[in-house]
Amino acid sequence: MKNIYMPCTRKHDRMLLIAPLVLLIAGIVLLPHRTCAQGNSFRVDTLKRLSLEELLNVEVTSVSKRPEKLKAAASAIQVITQEDIRQSGATNVPEALRLAPNLQVAQLNSSQWAISARGFSNVLANKLLVLIDGRVVYTPMYAGVFWDVQNLVLEDIDRIEVISGPGGTLWGANAVNGVINIITKKSKDTQGLFAEAAVGTELRGLGSLRYGGKFGKNLSYRVYGTTYKRGSTIFHPDSVETKDDWTIVQGGVRLDWEATENDAVSFQTNLYDDRPNPDGNNPIIARGSNALARWVHTTSDKSNLQLQIYYDHTWRDFKNGLTEKVNTYDIEGQHRFRLCQRHEIIYGLGFRYMDHDVKNVELFAFLPARKSLYLFNVFLQDEIALVPEKLRLTLGIKIEHNSYTDFQYQPNARLNWTPTPTQTVWTAVSRAVRNPARLDREFFLYGAPQVLVIAGGNFQSEEVLAYELGWRIQPQESLSVSLATFYNVYDNIRSVEPGPPPVNLPYTIGNGVKGDTYGAELSATYQLNGWWRLRGGYTFLKKNLKVKENSEDANQGSAESNDPSHQVLIQSMMKLPGRIELGTVLRYVGELPSPKVSGYVGLDIRLAWKLANRIELNLVGQNLVKSSHTEFIPSSKIAKDVERSVYMKVVCRF
């Protein structure tokens, strides 16, 4: 489905370069004084947050669904910490995701992004599984994510775990090329009052208010409200404002109860009202709410039982006559335990029911308009200590059944070798699938009266067989390096098949594309000293897609993605004298081949001053290299440019 962009006549106000220059000059002036940083300018907890050892010992849960140290995880995983987000100056979740070197993140307009891992980037990207506190966020309309409603108070994010590579064995369908797991802080870690307010040239307004407290000794809570408004992008190359500004308001509550020494219960609920306007014509209305409850019973560090249930309601009016309403009910349980001394078992099962209802329009429709969708799954994984503390073999499989296809099998095998305490070598072979969405099976498009252009087909699941090899090493106490290589073989990728001649109508959605991708992901963290840390990485991707012999794909295998071959990210975080922080994010994104988009360099700089540990003043410049640049062109081939911007923010913590 194409986006339609309507040009406007009002010229966008040109911003001055004074503020970005102030940021650059401040960094140059303050840097020579770094030797003074050993005095009282730094708090002990700040130094601890920047410790490389602390970062390497961060416990991640996305790889094995159990806590394990980042440095020993047998996967291409990157962790974006709260400190990384805060010092970057990011204002929303997609901007925070730019900090993962193993993700491709491109902004299309004020409210839309194309986000993927290891290729297949598109505004309708559907091969990346996204979770927020264990709740899967995607629409069954196209099996992707509406990023404009995934809003959070960034201060409340504990970490974002980003896995590039299949995660189907544990996380299920659509975890084909990766998993994004956004984990927020427990309410006991967000006590007191937090408030922030920001305004700028493109960030027209941001305000958040959150309060955390306790009921007794073991029950903590937080309640929050936040609003966000972003200005319009501009048409390329006319520099005419597109009127695609975006506004969202959101609020919620979280409770965490330590019921007993072994039992923890959490509950959270959120609701939002969103006004994205990607076409610059008439703002979309998107409203929703969700509620999640989780109980964890822990008997030891090797054994626990978890039960989770959530409800998610979304409603979206596309303002072209089409509306979408989705009610999702999900329940899952898992049990982890040690079997003898060498086997650590984790198994679980889950059931998801989605009531999907659309209001169709004359030109296109989903038939039937309302459909009940279900997904049942069961998984089993065994982690075997072949050589204790040295060599581990992980074998697992997930079996799923859904409304469209028969049983799906997603096996996984991983070998993890730790020859020394400072390095880990791992390899993996995995299979994952992307289940059909309603767009694949039940979408109908009409041209002239009684002329059917696209008719729903018998689309089957897309498949990937992935081979991975990785290495993590800490060659010295202040430096950590990670390298992941991969070779993925894809089959049954979506195609558009023409009908019988002479008119070749109707087109149907088929599985006529196959191919492979290969590449490497290099990342590193360098703790130069107690006040300066560098992190970043380089990603190389090569993609080869082709049409199968029995297919006549109208797009010749080129419609599913538009990806850069090269990406570079460098983030610098400095704690300077006088309670001043200087953070910079430099990124390079290579050329996109089709539609062609030139490569670009982006630079964000944040200068912050802390007053008595309670008030923080921020001056942030984003996309400072050029006045504007294009990051992605959607199917409509009408390019929009993201502009250089500056904003000021005040943060209060009491």
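Predicted model: local features only at pLDDT ≥ 70, side-chain atom pairs only at ≥ 80, totals over all residues.
**Exercise 1.** Trace the pairing of β17 with β16 and with β18, and state how many residues lie between the strands of each hairpin.

*Solution.* On one side, β16 (residues 285-300) and β17 (residues 303-317) pair in the antiparallel sense over 15 bridges, with Leu-307 of β17 as the bridge partner of Trp-295; the two strands form a hairpin that has 2 residues between them. The pairing of β17 with β18 (residues 323-339) is likewise antiparallel, extends over 14 bridges, and places Gln-306 opposite Gln-334 in β18. These two strands also form a hairpin, with 5 residues between them, and in its turn Lys-319 has a positive phi of about 65°.

**Exercise 2.** Decide whether Thr-139 is buried or exposed, and list its contacts beyond its neighbours in sequence.

*Solution.* First place the residue, which is found in the loop between β7 and β8 (157-164). Its relative accessibility is 4%, and because buried means under 20%, Thr-139 counts as buried. Once neighbours within four places in sequence are set aside, Thr-139 is in contact with Gly-144, Phe-146 and Glu-324.

**Exercise 3.** Identify the residues that touch the most other members of the largest nonpolar core, and follow Leu-103 to its contacts.

*Solution.* The largest nonpolar core has 52 residues, of which Leu-97, Leu-103, Trp-147, Ile-160 and Ile-180 touch the most other members. Elements that each supply at least two residues of this core include α5 (93-97), β6, β8 and β9 (178-184). Not counting residues up to four places away in sequence, Leu-103 touches Leu-97, Ser-116, Ala-117, Leu-128, Val-162, Ile-180 and Gln-567. A second, separate core of 18 residues includes Val-60, Leu-70, Val-136 and Val-179.

**Exercise 4.** State the average pLDDT of the chain and where the pLDDT is below 50.

*Solution.* The protein chain averages a pLDDT of 90, and 92% of the residues score at least 70. Over residues 1-50, however, the pLDDT is below 50, although this stretch has 95 contacts in the model beyond near neighbours in sequence.

Key: Residues numbered from 1 in each chain as written. Heavy atoms only, no water. Pairing = 2+ DSSP bridges. Helix = DSSP H or I, 4+ residues; strand = E, 2+ residues; numbered from the N terminus. pLDDT = per-residue confidence, 0-100. Contact = heavy atoms within 4.5 Å. Buried < 20%, exposed > 50% of the residue type's maximum accessible area, 1.4 Å probe, protein only. Core = buried A, V, L, I, M, F, W, Y, C linked by side-chain atoms within 4.5 Å.
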